[in-house]
Amino acid sequence: MSALIGHFLLQLFGTRRAPLVLLLLAALAWTSGVPDYLVGTPELPRANAADMALWAFNTVPFLVLGLGVGFLVLVGDFLPRSAARGTLALTAVRSSGRRRWWTAQMLAFGIAAVVVAVVAMLLCLLVGLLRLPEPFGPGMPAAAFLRLAGTGVVPAGAGRVAVLAGIVLLVAAVLWVLALVSAVVALRWPHPVVPVVVVLGWLLVELATGFPAAHDPPKWLLFDPFAHVRYGQYLGFASGGLLREGPHSPLIAAVLLVLEIALLVWWGARAARRRDLPSARS
Amino acid sequence: MVHAGDGGAPAIDVAGVHKRYGSRSALGGVDLRVERGEIVGFIGPNGSGKSSLMRIIAGLARATEGSVHVLGECVDGSSSPPGIGLVLEQQGHLPYLSAARNLRMLGSLTRHGDQRSVEAVLRRVGLDPADRRPVGRWSFGMRQRLLVAQALLDEPRVLLLDEPTNGLDPAGVAELRALLGELASRGVAVLLASHALTEVERLCRRAYFVRDGLVADIVDTAAGADDRLLVRASTSADLAALRSWAADQRLAAAAGADPLVLEFAVPDRVPELIRALAATGIDLEEIAPRRRSLENRFLELVGGRS
């Protein structure tokens, strides 16, 4: 299985699209802006690079355009693209079963999501280092992100690095869901455009609605991965730096994300066994 | 699912296979059999269902009806049968890796990716294992050789080849012909779909003509003689004498495409006709059976459509 995953990862990151996504993320991180209350006010000390990263990861353009669309560029048409190039057939005939082949591909998507989220976080930290007056300072006194500790995303008492890692994993999980949805759609409609359009449509709806969930999310939005990834709702970033209680538990969000991922992997594996694999002429 | 089966079964046994995509029928009940050590041609116009059948045999697609057995094991489209090598029209390499790295990556999926096996198979198809250039910079023909190499990497017992001579130069085609002959002599079964009909004719004892998803004909390529004997006279005077002699003998003869050739309807006993011709004293340059090429048969079958 690891060899198969390695093959898929090479296909994902070996294209010219990977450096383009990196450039997109860097540009959005640079332009995501630093709000006054992060730079420092008489009441609050200056923010550090970690605060900057947390801020950028909570902005709609960086989250939806940078991470969402960027990751979609990498994986959105992976199945039809690999069918058109012939790599799909060469890997599928060497797999001991369709379920194994599918699972390896989905795990590769998960690893790719973590890689992209980590790289995005590092880019934001770098931008913080370059743009903030005190990038290594103590940061915001309330240490907003430390409030995440104990809420379910990260353990109680976790430090700054653990909180950042928790955010990275949360974002990676959402990106993974995006990739899984596009792959399941591609199994049913193996056309290079259809899965991308479906997921892009979803992202556009997120953009158009402006993440209403951040302030007062209805219960059903618990099932929207992007509603969870805006962890600002648990911190109060969205309301000008004032901390407030979140509308729902990050723990429930994490559990729901895991369930969504498991359901999509299972459904796709079932479909891959029962349907024709996409061909170059699909 | 692949089920265990009879070890002495045909390499490929396709029975009554239908394939429908929605309301469109790609295969309408195909029967095909390839024995171990046999090279069988599979020819037909574009869109006739060749690639669909290849994909079904490889376990990449499901038959709507009918059964497929490879090396005695049932293939139902939920997995690929073990022991097959596959060459499809798309090349499937990672263009930014070298040939050896590509093969090591693919071989590692089936534990055939060790350096020695990779180097051996690259040499076998006429490629240099030390060439470290990314294959994206290679010519199409070289990449086609690499495609054949990956099919051989797992030491297959069944080879499914869809247009393997695409982009190969004449030397490459000759090498592939020799390679397939050698593999067949070792018991490897080969199903060869190709538009290079001369190659099919040279390599295959049998060829399936498929049209509109149906096997329209099965041709024994060795028994390709037509019912005509070509006789080429030395001069036009000899031709006139030959024509006169044929009329005296009440033999049906017609002008051939060449102005010095007369085509005789072949009587029951060809040797007697040749002896009689020799006894006429007319100067002749050539006496040969007229062979109807696979290409002629193909064009007759498809009516010029391909």
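## Domains of chain B

Chain B splits into domain 1 (12-220) and domain 2 (227-296). This division belongs to a predicted model. The C-alpha centres of the two domains lie 43 Å apart.

Where they meet, 6 residues of domain 1 of chain B contact 4 residues of domain 2 of chain B. Together the two domains bury about 370 Å². Carbon and sulfur atoms give 77% of that area. On the domain 1 side, three residues stand out: L197(B), E201(B) and F209(B). They supply 79% of the area that domain 1 of chain B buries against domain 2 of chain B, more than any other three residues.

Between domain 1 of chain B and domain 2 of chain B, the count of salt bridges is 0. Helix α6 (residues 197-203) of chain B gives the most to the domain 1 side that touches domain 2, with 3 residues. By type, that side of domain 1 of chain B has 5 nonpolar residues, no polar ones and 1 charged.

## Chain A against chain B

The interface between the chains involves 31 residues of chain A and 35 residues of chain B in contact. Chain A and chain B bury about 2,600 Å² between them. Of this, 58% is on carbon and sulfur atoms.

Polar links are found here. The interface of chain A and chain B has 2 salt bridges. One of them joins R94(A) to D154(B), with the closest N and O atoms 3.0 Å apart. Between the two chains, 12 residue pairs are in polar contact, both residues at pLDDT 80 or more.

## The chain A side

Which elements give two or more residues to the side of chain A that touches chain B? They are α1 (2-13), α6 (78-85), α7 (87-92) and α13 (250-274) of chain A. α1(A) gives the most, with 6 residues. The residues on this side of chain A divide into 12 nonpolar, 11 polar and 8 charged.

## Confidence

For the complex, the predictor gives an ipTM of 0.75 and a pTM of 0.79. Chain B has a mean pLDDT of 85, and 93% of its residues reach 70 or more.

Residues 1-5 of chain B are another matter: pLDDT stays under 50 there. For this stretch of chain B, the model has 19 contacts beyond four places in sequence.

Note on methods. Residues are numbered from 1 along each chain as its sequence is written. Chains are lettered from A and ligands numbered from 1 in the order in which they are written. This is a predicted model: local features need pLDDT of at least 70, side-chain atom pairs count only at pLDDT 80 or more; totals for chains, interfaces and linings use all residues. Side-chain values use heavy atoms; hydrogens and water are left out. Contact means heavy atoms within 4.5 Å. Buried area is the accessible area (1.4 Å probe) that two parts lose on being put together, summed over both. A salt bridge is a side-chain nitrogen of Lys or Arg within 4 Å of a carboxyl oxygen of Asp or Glu. A polar contact is a pair of N or O atoms within 3.5 Å; within protein, one must be able to donate a hydrogen and the other to accept it, and residues adjacent in sequence count only if both atoms are side-chain atoms. Helices (H or I, at least four residues) and strands (E, at least two) are DSSP runs, numbered from the N terminus. Ala, Val, Leu, Ile, Met, Phe, Trp, Tyr, Cys and Pro count as nonpolar, Asp, Glu, Lys and Arg as charged, and the others, Gly among them, as polar. pLDDT is the predictor's confidence in each residue, from 0 to 100. Domain bounds come from an automatic or database domain assignment.
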